Amino acid sequence: MMVFERSFMSLVYVLMNTEPSLMESVLKEIKAIKGVIEAYMVYGTYDICAKVKAEDPLELKAIVQKIRSKDNVMNTLTLMVVQ
């Protein structure tokens, strides 16, 4: 059984799809969100991958919601880091 300490930082990767012609502008908007520590355009099923870090799960949830609500972000997949 995995036990998480209270000092554990919440870390997720958010993969997202955008309109192909708007990838660069969406990437710029994503990078400007507080808590997004890295973001890149990628090839494959998804268009952008963002690394998001927060002090607690509630803050993390708010950051992911900001990403998901951006114009031209069509869908997302959030991967939570557990170890």
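Mentor: Start with a pair: E38 stands opposite K51 in β3. The model is predicted, so local features need pLDDT of at least 70, side-chain atom pairs count only at pLDDT 80 or more, and totals for chains, interfaces and linings use all residues. Residues are numbered from 1 along each chain as its sequence is written, and side-chain values use heavy atoms, with hydrogens and water left out.

Trainee: What makes β2 and β3 a pair?

Mentor: Two strands pair if DSSP finds at least two bridges between them. β2 and β3 have five bridges, in the antiparallel sense.

Trainee: What makes a stretch a strand or a helix?

Mentor: Both are DSSP runs, numbered from the N terminus: helices are H or I with at least four residues, strands are E with at least two. By that rule the protein has two helices and four strands. From the N terminus they run β-α-β-β-α-β.

Trainee: Why is one side of β2 and of β4 left without a neighbour in the sheet?

Mentor: The open sheet has the order β2-β3-β1-β4, with antiparallel pairing. β2 and β4 (73–80) stand at the edges with a single partner strand each, so one side of each has no neighbour in the sheet.

Trainee: How do we describe the direction of α1 against β2?

Mentor: Axes are lines fitted to C-alpha atoms, for helices over the stretch in contact, and angles run from 0 to 180 degrees between N-to-C directions. α1 lies across β1, β2, β3 and β4 and runs at about 170° to β2. α2 also packs on the sheet, touching β1, β2, β3 and β4, and makes about 10° with β1.

Trainee: Why is V12 called buried?

Mentor: Buried means under 20% relative accessible area, exposed over 50%, partly exposed in between (1.4 Å probe, protein chains only). V12 has 1% relative accessibility, so V12 counts as buried. V12 sits in strand β1. Buried residues make up 34% of the 83 residues in the protein.

Trainee: Which residues touch the most other members of the largest nonpolar core?

Mentor: M16, I30, V36, V52 and I67, out of 18 residues. A nonpolar core is a set of buried Ala, Val, Leu, Ile, Met, Phe, Trp, Tyr and Cys residues joined through side-chain atoms within 4.5 Å.

Trainee: What is I30 in contact with, beyond its neighbours within four places in sequence?

Mentor: Contact means heavy atoms within 4.5 Å. The partners of I30 include M16, V36 and I67.
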